[in-house]
Amino acid sequence: MSTAAAPVRPGAVLADLLPAARHRYAVDAALVLGGAALTGIAAQISVPVPGSPVPVTGQTFAALLIGTALGARRGFLALALYAVVGMAGMPWFAEGTSGYAMPSLGYILGMLLAATVVGALARRGGDRSVLRTAGTMVIGSAIIYAVGVPYLALATGMSLSAAVAAGLIPFLIGDALKAALAMGALPASWKLLGRRG
């Protein structure tokens with residue numbers, strides 16, 4: 001039986017396919033730094049939502065893509081670096097903000113957890129087909145909201161229903177579009193890499 005056309009090994013994420021046998025730690029560090037920077041750049045794609053202290057941004061999409069592409073450990077480290085450096089004063093949260101005294105901090109903490117979970121799901125093939133990617137993105141988004149919305153309520157004194165109205169409902173259409181982009185991009189990347197592998 002020939003192994004020339006064998007698919008990429010099970011349990012791999014996209015970042016594992018980078019050639020780095022002798023320099024794995026340097027590559028992992030670069031991936032973590034790059035993931036944090038990409039999240040910070042994506043956060044600057046920001047559109048205010050009337051009546052909500054939380055804008056629509058690209059950072060949630062970046063966080064979920066980073067988690068699936070890098071895996072749970074590197075995804076966690078990239079989002080942890082993004083969160084810690086932003087809380088320490090780097091102005092790379094949404095709208096160029098920084099610090100920890102903001103009502104949207106719960107979403108950033110949710111992204112950290114979501115990147116870890118979607119990274120673990122990606123190791124189990126959660127990004128290799130359109131349907132699996134859709135499920136992975138839904139789970140990741142749900143985690144972000146499960147942390148972000150209650151935090152928003154606590155930080156602003158809103159009721160939970162008001163926080164849902166201000167911090168969840170306005171974002172569902174955008175999240176569906178982001179999931180559709182991921183559903184096309186991630187499985188297509190695996191197909192391309194599978195042909196090369």
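The largest pocket holds about 270 Å³ of space, and its lining comprises 23 residues. The model is predicted: local features need pLDDT of at least 70, side-chain atom pairs count only at pLDDT 80 or more, and totals for chains, interfaces and linings use all residues. Residues are numbered from 1 along each chain as its sequence is written, and side-chain values use heavy atoms, with hydrogens and water left out.

**Largest pocket**

- A pocket is an open set of points on a 1 Å grid over the protein atoms alone, with protein on both sides within 12 Å along at least five of seven lines; lining residues have an atom within 4 Å of a point.
- Grid points are joined across faces, edges and corners, and a volume is the space filled by probe spheres set on the points.
- Nearest the centre of the largest pocket lie Val54, Pro55, Thr57, Gln59 and Ser104.
- At least two lining residues come from each of strand S2 (56-57), H2, H4, H5 and H7, where helices (H or I, at least four residues) and strands (E, at least two) are DSSP runs numbered from the N terminus.
- H4 makes the greatest contribution to this lining, with three residues.
- By class, the pocket lining consists of 14 nonpolar, six polar and three charged residues; Ala, Val, Leu, Ile, Met, Phe, Trp, Tyr, Cys and Pro count as nonpolar, Asp, Glu, Lys and Arg as charged, and the others, Gly among them, as polar.

**Largest cavity**

- A cavity is a set of grid points where a 1.4 Å probe fits but cannot get out.
- One cavity of 30 Å³ or more is found in a search of the whole structure, and the largest cavity contains about 90 Å³ of space.
- Its lining is formed by Thr60, Phe61, Leu64, Met137, Ser141, Ile144, Tyr145, Asp175, Lys178 and Ala179.
- Helix H2 (59-70), helix H5 (130-156) and helix H7 (172-196) are the elements that each give two or more residues to this lining.
- The largest share, four residues, is supplied by H5.
- Six of the cavity-lining residues are nonpolar, two are polar and two are charged.

**Selected buried residues**

- Lys178, one of the cavity-lining residues, is located in helix H7.
- Lys178 counts as buried because its relative accessibility is 16%; buried means under 20% relative accessible area, exposed over 50%, and partly exposed in between (1.4 Å probe, protein chains only).
- Apart from residues up to four places away in sequence, Lys178 touches Thr57, Thr60 and Phe61, contact meaning heavy atoms within 4.5 Å.
- Thr68 belongs to helix H2 and, at 0% relative accessibility, counts as buried.
- With residues up to four places away in sequence excluded, Thr68 touches Val13, Val118, Gly119, Ala122, Asp127, Thr136, Met137 and Leu186.
- Gly106 lies in helix H4 (residues 105-123) and is classed as buried because its relative accessibility is 0%.
- Beyond its neighbours within four places in sequence, Gly106 is in contact with Val147, Gly148 and Tyr151.
- The C-alpha atoms of Gly106 and Val147 are 5.6 Å apart, although the two residues are 41 apart in sequence.

**Model confidence**

- The protein has a mean pLDDT of 89, with 92% of its residues at 70 or more; pLDDT is the predictor's confidence in each residue, from 0 to 100.
- Confidence is highest in helix H3 (residues 72-87), at a mean of 97, and lowest in H7, at 84.
- For residues 1-7 the pLDDT is below 50, and this stretch has two contacts in the model beyond near neighbours in sequence.
- Where pLDDT is low, the predicted coordinates should not be read in detail.
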